[in-house]
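Student: Could you walk me through this model and show me how to read its features?
Tutor: Happy to! Let's look at it together.

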Amino acid sequence: MAQVQFSTRETKNLNVVAIGGGTGLSTLLRGLKEFVGRKIISEEFTGNNLAESFSLNPLSAIVTVTDDGGSSGRLRDELNMLPPGDIRNCMVALSEDSNLLSRLFQHRFGGNGELGGHSFGNLFLAALTEVSGGDFVEAIRHASEVLAIKGKIFPATDQDVRLVAEMTDGCVVRGESNITAANSIIKNLRLEPDYCMPLPDAIRAIELADIITLGPGSLFTSLLPPLLVTGVASAIGASKAVKVFICNLMTQPGETDNFTSAEHLVKVKEYAPDIDFDCIIVNSRRISAEQAVIYAAQGARQIGLGDSLSPVLRGKSIELVRADLLEDGAKVRHKPEKLAQVVLNCALKVQTEKIVL
């Protein structure tokens with residue numbers, strides 16, 4: 001990794017790029033948002049005279065666009081637009097107003113009519129796309145201004161791409177929702193068309209990044225798809241940023257059955273060999289017995305407690321970071337503030353070790 005140079009007494013403004021999709025990405029963004037524009041003095045470095053403080057610039061999120069189910073799938077098919085759901089969740093996570101506007105964007109219509117199941121935010125983005133002459137990226141920009149978000153959101157590509165999986169039994173399944181429902185082991189994953197270009201602004205954000213995160217999120221349907229977009233993985237690999245992989249809390253039935261934290265990372269490396277992660281973050285607190293029973297009935301189990309990264313660490317420089325990341329509540333979820341703090345501590349530690357004084 002290239003050395004990071006700055007004086008011991010100045011505040012360094014850090015650029016963070018978060019990549020993924022689903023609830024995992026929005027959870028991380030919600031936590032990181034609280035550090036934007038704030039002076040950060042990590043407990044890891046207080047008193048060692050290496051760096052006085054850091055501050056986060058507005059965040060950048062690169063979001064998967066392969067969703068084809070629910071409200072997003074309906075709008076995608078009916079209006080020939082990119083799926084808005086994950087984009088909407090990220091906008092709400094980064095919004096200044098966490099009350100009325102964000103609640104409005106997340107509001108989902110009831111009933112059995114044509115509006116039933118649609119969220120207002122999805123419909124708003126669909127309307128803005130039509131008003132913008134079919135330009136979904138421009139619609140995202142306008143919607144972001146309405147919500148006054150603390151950052152920029154980029155779809156992984158602005159092309160109409162579909163997820164295709166070849167299963168170990170030889171079947172080929174097309175479409176993210178069908179892959180999730182197949183409940184079969186995925187042998188190979190690709191995008192269709194396989195050659196699709198990222199947004200130049202997204203690549204520029206990666207080039208300027210000081211910290212790049214991948215995860216948490218569904219490995220095959222949220223994390224890998226953005227890396228399959230032409231040029232994204234190679235740009236991340238060439239970036240001088242600290243690269244952080246955030247492991248999921250639970251395995252996912254039919255996708256990551258019996259996966260350890262190490263196997264999650266190995267699978268990412270299989271599809272994106274150019275990326276060398278500096279840190280992998282895993283949860284260290286055991287879920288409750290009640291939660292374990294509920295999730296076991298769904299075919300999921302907790303990961304990341306006793307896993308070893310030795311096969312992955314061999315010949316590589318990567319740090320395994322364990323921390324209590326659980327949100328209190330019935331569902332097993334990351335706590336946004338805890339996750340963001342651990343990500344920053346991990347990244348700042350790696351950066352500080354590379355400082356040239």
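Tutor: Let's begin with a definition: axes are lines fitted to C-alpha atoms, for helices over the stretch in contact, and the angles between N-to-C directions run from 0 to 180 degrees. Keep in mind that this is a predicted model.

Student: How do I read a pair of packed helices?
Tutor: In general, two packed helices are described by the angle between their axes and the distance between the axes. Take helix α1 (residues 22-33) and helix α3 (residues 85-94) here: their axes come within 8 Å and cross at roughly 15°. Angles under 35 degrees count as roughly parallel, and α1 and α3 are therefore roughly parallel to each other. The crossing of α1 past α3 is right-handed.

Student: Which residues of α1 and α3 make the contact?
Tutor: From α1 come Gly22, Leu25, Ser26, Leu29, Arg30 and Lys33, while α3 contributes Asp86, Asn89, Cys90, Ala93 and Leu94. Sorted by class, this contact of α1 with α3 has 5 nonpolar, 3 polar and 3 charged residues.

Student: What are the distance and angle for the axes of α9 and α11?
Tutor: The axes of helix α9 (residues 219-228) and helix α11 (residues 261-271) come within 10 Å, crossing at roughly 30°. So α9 and α11 are roughly parallel to each other, and their crossing is right-handed. On the α9 side you will find Leu219, Phe220, Leu224, Leu227 and Leu228, which meet His264, Lys267, Val268 and Tyr271 in α11. The residues in this contact of α9 with α11 divide into 7 nonpolar, 1 polar and 1 charged.

Student: Now the sheets. How many strands form the parallel sheet, and in what order?
Tutor: For pairing, DSSP must find at least two bridges between two strands. Here 7 strands form an open sheet with parallel pairing, in the order β6-β5-β2-β10-β11-β12-β13. At the edges stand β6 (151-155) and β13 (319-323), each with a single partner strand, so one side of each is left without a neighbour in the sheet. On average, neighbouring strands of this sheet are turned by 20° against each other, direction ignored. For a close-up, β12 and β13 pair in the parallel sense over 5 bridges; isoleucine 280 has leucine 320 in β13 as its bridge partner. Helix α3 comes back here too: α3 lies across β5 (59-63) and β6, running at about 175° to β6.

Student: And what is the strand order in the mixed sheet?
Tutor: That open sheet has 3 strands in the order β1-β4-β3, with mixed pairing. Its edge strands are β1 (11-14) and β3 (39-40), each pairing on one side only. β3 and β4 (residues 53-56) run antiparallel and are joined by 2 bridges; the partner of isoleucine 40 is phenylalanine 54 in β4.

Student: Which cysteines does a disulfide join?
Tutor: A disulfide is a covalent bond between the sulfur atoms of two cysteines. In this model cysteine 279 is joined to cysteine 346, S to S 2.3 Å. Cysteine 279 lies in strand β12 (residues 279-283) and cysteine 346 in helix α14 (residues 336-353), so the pair ties together parts that are 67 residues apart in sequence.

Technical notes:
Residues numbered from 1 in each chain as written. Predicted model: local features only at pLDDT ≥ 70, side-chain atom pairs only at ≥ 80, totals over all residues. Heavy atoms only, no water. Helix = DSSP H or I, 4+ residues; strand = E, 2+ residues; numbered from the N terminus. Parallel < 35°, antiparallel > 145°, perpendicular 65-115°, else oblique. Left-handed = near helix turned anticlockwise from the far one by under 90°. Contact = heavy atoms within 4.5 Å. Nonpolar A, V, L, I, M, F, W, Y, C, P; charged D, E, K, R; others polar. Disulfide = S-S within 2.5 Å.
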